[in-house]
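Biologist: Can you walk me through this one? I have some questions about the fold and one residue.
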Amino acid sequence: MASIQKKNIGLLGGSFDPAHKGHLGISNIAIKKLNLKIDKIHKLDTSKIREIRDAVFSHDGGWIAYSKNISLELSGIFLIKITTSKSGSISFIGEPVQVTKPVRHDFSPHFDPEGRWLYFLSVRVYNPIWD
């Protein structure tokens, strides 16, 4: 099995779109105050509906999974591929890919330890009240 190299990646959450200079300023302050070794801030995805939640990394650090609202009534699971150079710095961030077709809300993604499966929780009951 290949050795796993640790990477320092920061995630900034929120429901702001587009991000503005204040968000970049907060990110830079956090990098300095927390003494983080981050060379660049990457924008992964945005949401105009609600904040992006439940971000988790795969065990090899090659993927990020998270939940995101598609509408006010639907949230799905998305994946982003992360490629790193031999030095460990991020060389490519892929486009977000929706991997579930939610009936209501899919959330709380987790990778299995071998990296073969992506688990998640789902609310699938749709029980409208008719009047």
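Modeller: Helices (H or I, at least four residues) and strands (E, at least two) are DSSP runs, numbered from the N terminus. This is a predicted model, where local features need pLDDT of at least 70, side-chain atom pairs count only at pLDDT 80 or more, and totals for chains, interfaces and linings use all residues. Residues are numbered from 1 along each chain as its sequence is written, and side-chain values use heavy atoms, with hydrogens and water left out.

Biologist: How many helices and strands are in the chain?
Modeller: The chain has one helix and seven strands, in the order α-β-β-β-β-β-β-β.

Biologist: And Ser-75, buried or exposed?
Modeller: Ser-75 counts as buried because its relative accessibility is 1%; the cut-offs are under 20% for buried and over 50% for exposed, with partly exposed in between (1.4 Å probe, protein chains only). Ser-75 lies in strand β3, residues 75-84.

Biologist: Which residues is Ser-75 in contact with?
Modeller: Beyond its neighbours within four places in sequence, the contacts of Ser-75 include Arg-53, Lys-68, Pro-102 and His-105. Contact means heavy atoms within 4.5 Å.

Biologist: Switching topic, how do β1 and β2 pair?
Modeller: Strands β1 (residues 53-57) and β2 (residues 63-69) are antiparallel, with three bridges; pairing requires at least two bridges found by DSSP. Val-56 is opposite Ala-65 in β2.

Biologist: What about the hairpin, which residue there takes a positive phi?
Modeller: Gly-61, near 75°, in the hairpin of β1 and β2 with five residues between the strands.
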